[in-house]
Amino acid sequence: MSSLFAVEAAPEVSFTNEASWILENVWLIPALPALSFFLIIFFGKRLKFGGAEIGISAVGLAFLLAVFANGSWWDHRDNYDGPAYSALNGEIDTHHGDDHSEDALGATITVDGQIENVLLTAEEGEGGESHPAVAVLKKMDWFENGGESFSVGTLLDGPSVIMLFVVTTISLMVHVYSTDYVAGDRRYTHYFAFLSLFTASMLAYVLSSSILQMIVAWELVGLCSFALIGHWWEEKPNSDAALKAFMTNRVGDIGLLVGMVILFFSAGGTFDVVEINEKAMAGEISQTALTWTAISLTAAVMSKSGQFVLHTWLPDAMAGPTPVSALIHAATLVVAGVFLIARLYPVFFLGFSIEGSSINGLALIGSITVVFGGLLAFVQNDIKKVLAYSTVSQLGYMVLALGVGAWTAAIFHLFTHAFFKAGLFLGSGSVAHAVHSFDMKKDMGGMRTYMPTTFKTFLICSIALAGVFPTAGFWSKDEILVGTGGLGVGSDAANGSYHLMLVMGLIGAALTGAYMTRAIYLTFFGEFRGHGEPHESGPRILWPLRILAGFALFAGLLNLPPGFLAGSAKDPAGWQERLLHVTEPAAAYFPPIAHAVPSWTLAIVASIVGLLGPAIAYWYYFIKVDGLAKETGEKLTELPNGLVAKNKLAATGHAFLKNKYYLDHLYEDVIVAGVKGPIARAAAWSNKRILDNVIDTAGKTAVQAGRFIYDKIDQGLIEGLVNGSGALSTESGQGLRKLQTGKVQQYAALLFAGATILAGIFIVLI
Amino acid sequence: MEISEWGLTAAIFIPLIGALVMMFFPKSEEGTHKVIALATSLIVAAIGVVLLFDFDYDRAGEMQWTQSVEWIEIIDAQYLVGIDGMSLPLLMLTMLITPLVIIYSWNHFPSPHNPKAFLILTLVLHTGMIGSFVARDLVLFFVFFEVVLLPMFFMIAVWGGEDRKYASLKFFLYTLFGSALMLVSFLALYFLAGGDTFSIVGLAEAVADNGVSRNAQIWIFGGMLLGFGIKVPMFPFHTWLPDAHTQAPTQGSVILAAVLLKLGTYGFVRIAIPILPEAAVVWAPWIGLLACIGIIYGALGCLAQTDMKRLIAFSSVAHMGYVMLGIATLTDWGINAAIFGMVAHGLITGMLFFVAGSVKERYHTLEIQRLGGLLISAPRMGWILGFISMASLGLPGLAGFWGEFPAILAAYNPANGLPIGLFRVYMVVAALGTVLAAGYLLWLLQRTAMGTPSEEFIDNPEITDTHREEWIAWTPLLILILVFGLVPGLIFNTTDPAVELQLSECLSVETEDKANFDVGLCEAQGIEAALASLGTVSTADGE
């Protein structure tokens, strides 16, 4: 493509409700684990394997259906030729009568009665067909409000179908792994129940056809995260971590609720995802509304997907069992925020004016998170915390990618990251299982000799994470970097020129390799520093590791850039941009984003920069530290006279990182403690001392006034009330007795009489 | 005769008959009393079930099962009862809660025991509550509204905690004060509207036709605001509530939270707003303001509490704040949310009080610091507490969410004539309240249910898991919390037609305008503008 901001033709159709059986009944996929949740809760304890068998069967079945759905979608994507609809224009069967922007953009589909399978000649190297990707939408009534009916349903399209695959695959791996890892746990059954509920909620989330449904599922995954982080709630740090996760997410949820409300009204009172997106694309939602929505929703994304400054809950969330960290806090739940952006992409794309820009809020947050999250990984001794900060950093890449308009790159990175990060977490769990600790410096070291398979898989996943050619991480990270369109490197046809994002992305790549090198040295090299005799884990732990490492190696082949491994004559594109083709919605509810053309220069530069970090770390740990250790015979984890020890500035920086930028202090010691302490106490105090005092004083005054009247005027009728009020302060017993002995009628008479008089005064006055 | 002609009357008076029958049995025959009370409440519930099936949901906006009898002719008061989609969910809630409370009490009457008196009071309460929700005449409504007062007063004063006398009298006098103002308003309305009817519909028409002066409307609404607002309770009239709840026996707290508080909010949507729509528009920003203060203030109050029951009581102030915010928007979404919120709060907070009562019975204390490890000592009860805490903090998928979120949503775009900028500030404040709600509920859960039991309660044989009566009483509530959370249509579809019919006529809410709504307004009216609009309103009511 010659023009920098060239857009592809926007198809004018969005969805259909006719498709193959599985695509129409895709609700079965979340329904299975949901059913499993209830079965495990009610019957799990009585079963032989404590409910794990139900969970595994349900998720296994869901996995098979998800694979089936993926296959079916690939076919549907290219070959569907039934009726198709647009939320704005109903069934599309003719081309005329529309003077929307599609025409201005030069819609290329000629439709006669039906959508035809139009093959476009490859436009400027994009290749492939521009058959629209017609989403499959199935809905039913949920409730009625304000005279309108609102529906619940499934929206199946590229991003959701690939998420189905990711979630069920990782979930299945984690289920199998967990049967060994948490065997004999005090709450084995509950553990599996919540894994099921989480899987169901996450699957329901990615299939949501309305934003209201998304909110529901969004919170449910949060609930499961809460329950699983706090799985061992007997110990306070664990329940603290669970609370922190939930509360931080609640803070972001303010943005979610507000954003969705704005969207609801600005889209004319609808929760429907397709309709909202189409309206945004058609310019029916004002720019102001889109911007406010995008900003609000970004707050939600920041908390859920651990973006800088709301990321602090994520490392603490490692208090949960390790498989949970792999499934929830690395591969799936935390990408819910990323998926939110991807799902409502027109809102963000237009709201943040991503196209043709060089900076925006989303890209900025993402790029800051990439670097600042990565830096924190260097000072962690807990292997899971290294991985947690790495997750924060990688989520930053995804948000960055979405921020620069590289939608497919973000989804692609989400896809590959899920596998290698889950593999890393499960690998760290395997090590921790053997040494009964997560502390790399104290209890690990030299593990490669004890646990060869764990070591190999961990190494492969680390290489993938570092983005080294030709592993999965290389392809997805490269696509993000290219997508920034920064510095004129391979910026052809990107959505803008995001120079800063490219630089931050490159720095992040160097950091990633470096902290992983450090983690690998501390865990697997040097001398064993723990106690006892560690040994390799069993097959139920190793097989998931092997499979995930396999994905870490090969998943990148799914979306090779043009120029790599072209296919056969029958299918000229082959694996090139396969993921882009099947995932990116080519429909009226998706913005016509540009696709950056890959650049050899950038790939090489990125590889060099990406290897620079690990090289320095290698030099430090494998040569200097290891050498010194061998020389002195000590078990070293760092140089005793390193930079931090010698240089004051480095020491300050180190302390700054160790204290996690002091964000936790700010949140916990200042904000939370302030609200819980002085502010809450002030409210309680004012309640007691001011509001209550007013009432009590009024009561006492009434008593005194009554006494006065009784003494001076002696009017028997008022006696009851006086005594009644008197009881408020001192003579309570007496007042009670009076009421019980017939004064009630007097009170009633008094009340009615008084009320009538007052009403009279009232009427005269007004 | 069709049941639709006498069903509601039967439902109102059967509890009274049951109470009368119980009078004839000596105090010592406790078994008989329990059976009679339970049977009575179950018969009423059976009528409720018939009503549930007989109710024509396609005409949910109209009054059904109506009955009209001349009553006190000299003041034109009629015995006028009927039910529509707005009152049906609340009536059903009442009919459900009472038998459950009786079952819960079965072997666990609070000291000083005396089941006879306790159950008679419960049944009298039942009459008052049912009557309030079906009355269509202001005098009739007032009578039932007041009938509720005395049994609850005695329940707190006799079966309550240590400070019961103070709490019960405070409750009584405070509510009475509100009732007096309410009655004044009713009477003023009666005279100003022509003095020939007390029926709600009649008064609404009369006000619309005769044009009761705007000023008079505002004053009358103000009286009702105090009367209903105290019952809700709205900030700053809430201070009777924590005391009453803390001192009341478990059963009293449950009924108080589940049903009695709703009489106030119900009064707004059934009486105050339909009859005096113009005044409602004037007062709405103020109601919204108090609601928002209540949300934050109640939550902060919760955070400072050291007693579990008092914490739950304060949480009611916050939750009813959402209900009032929904009402203050004067939109269909807001009022639907309010009614859903009432039912949800009834189920959830009722459950919370049940659990608090059961904890108290086992631990003999509700001091949060001393509790802990409930999940270990009584795992099932601990999980139930976790479940309802989640429901109470408004987790989607459970009932609480549908009272909160739509209210927040409605505040974004209140009815015409209301200051938009101001209500958007309310929306954000209300959304902020959800964070605080999560805070106090989860900290409560953490301190009571998680962790390990303290020394004094380890291996205490008194601390047993949920027993049979508790299961019977709680299961329906737990199931409903989940079902309403997943299928909100069960309530929304019933209330919506009624709300539309009741409110769209008297408030010309331009629903079509929503479509072209521009968020730009949000910018134009910042907080200053919002505060300024409060000022405008205050001058308006000073006219």
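Modeller: Buried means under 20% relative accessible area. Keep that in mind here, and also that this is a predicted model.

Biologist: Okay. Is A:H231 buried or exposed, then?

Modeller: A:H231 counts as buried, because its relative accessibility is 4% and the cut-off is under 20%.

Biologist: Where does A:H231 lie?

Modeller: In chain A, the loop between α7 and α8 holds A:H231.

Biologist: And what does A:H231 touch?

Modeller: Leaving out residues up to four places away in sequence, A:H231 touches A:D185, A:R187, A:Y191 and A:P321.

Biologist: Which residue forms a salt bridge with A:R186?

Modeller: That is A:E235, with the closest N and O atoms 3.7 Å apart. The pair links distant parts of the chain: A:R186 is in the loop between α5 and α6 of chain A, and A:E235 is in the loop between α7 and α8, 49 residues apart.

Biologist: Is A:E235 buried or partly exposed?

Modeller: A:E235 is partly exposed, with a relative accessible area of 36%.

Biologist: What about A:R250, which residue is its salt-bridge partner?

Modeller: A:R250 forms a salt bridge with A:E219, and the closest N and O atoms are 3.4 Å apart. A:R250 lies in helix α8 of chain A and A:E219 in helix α7, so the pair ties together parts that are 31 residues apart in sequence. A:R250 counts as buried at 4% relative accessibility, and A:E219 counts as buried at 5%.

Biologist: Which residues do salt bridges with shared partners join into one network?

Modeller: A:R186, A:R187, A:E234 and A:E235.

Biologist: How many salt bridges are there over all chains?

Modeller: The structure holds 22. Between chain A and chain B the count is zero.

Biologist: New topic, the interface. How many residues does the contact take from each chain?

Modeller: Chain A gives 75 residues and chain B gives 88 residues. The two chains bury about 7300 Å² between them, 79% of it on carbon and sulfur atoms.

Biologist: Which three residues supply more of the area that chain A buries than any other three?

Modeller: A:W233, A:R250 and A:F265, which supply 10% of the area that chain A buries against chain B.

Biologist: How many residue pairs are in polar contact across that interface?

Modeller: The rule finds eight between chain A and chain B, with both residues at pLDDT 80 or more. On the side of chain A that touches chain B, the largest share comes from α8(A), with 16 residues. By class, that side has 48 nonpolar, 17 polar and ten charged residues.

Biologist: Last topic, aromatics. How many aromatic pairs are there over all chains?

Modeller: The count comes to 75. One of them is A:F165 with A:F551, an edge-to-face pair with 6.2 Å centre to centre and 70° between the planes. A:F165 is in helix α5 (residues 158-181) of chain A and A:F551 in helix α23 (residues 539-554), 386 residues apart.

Biologist: Are those two buried or partly exposed?

Modeller: A:F165 is buried, with a relative accessible area of 16%, whereas A:F551 is partly exposed, with 24%.

Definitions and conventions. Residues numbered from 1 in each chain as written. Chains lettered and ligands numbered in written order. Predicted model: local features only at pLDDT ≥ 70, side-chain atom pairs only at ≥ 80, totals over all residues. Heavy atoms only, no water. Contact = heavy atoms within 4.5 Å. Buried area = accessible area lost by both parts, 1.4 Å probe. Salt bridge = Lys/Arg side-chain N within 4 Å of Asp/Glu carboxyl O. Polar contact = N/O pair within 3.5 Å; in protein donor to acceptor, adjacent residues only side chain to side chain. Helix = DSSP H or I, 4+ residues; strand = E, 2+ residues; numbered from the N terminus. Nonpolar A, V, L, I, M, F, W, Y, C, P; charged D, E, K, R; others polar. Phe/Tyr/Trp six-rings, centres within 6.5 Å; stacked < 30°, edge-to-face > 60°. Buried < 20%, exposed > 50% of the residue type's maximum accessible area, 1.4 Å probe, protein only.
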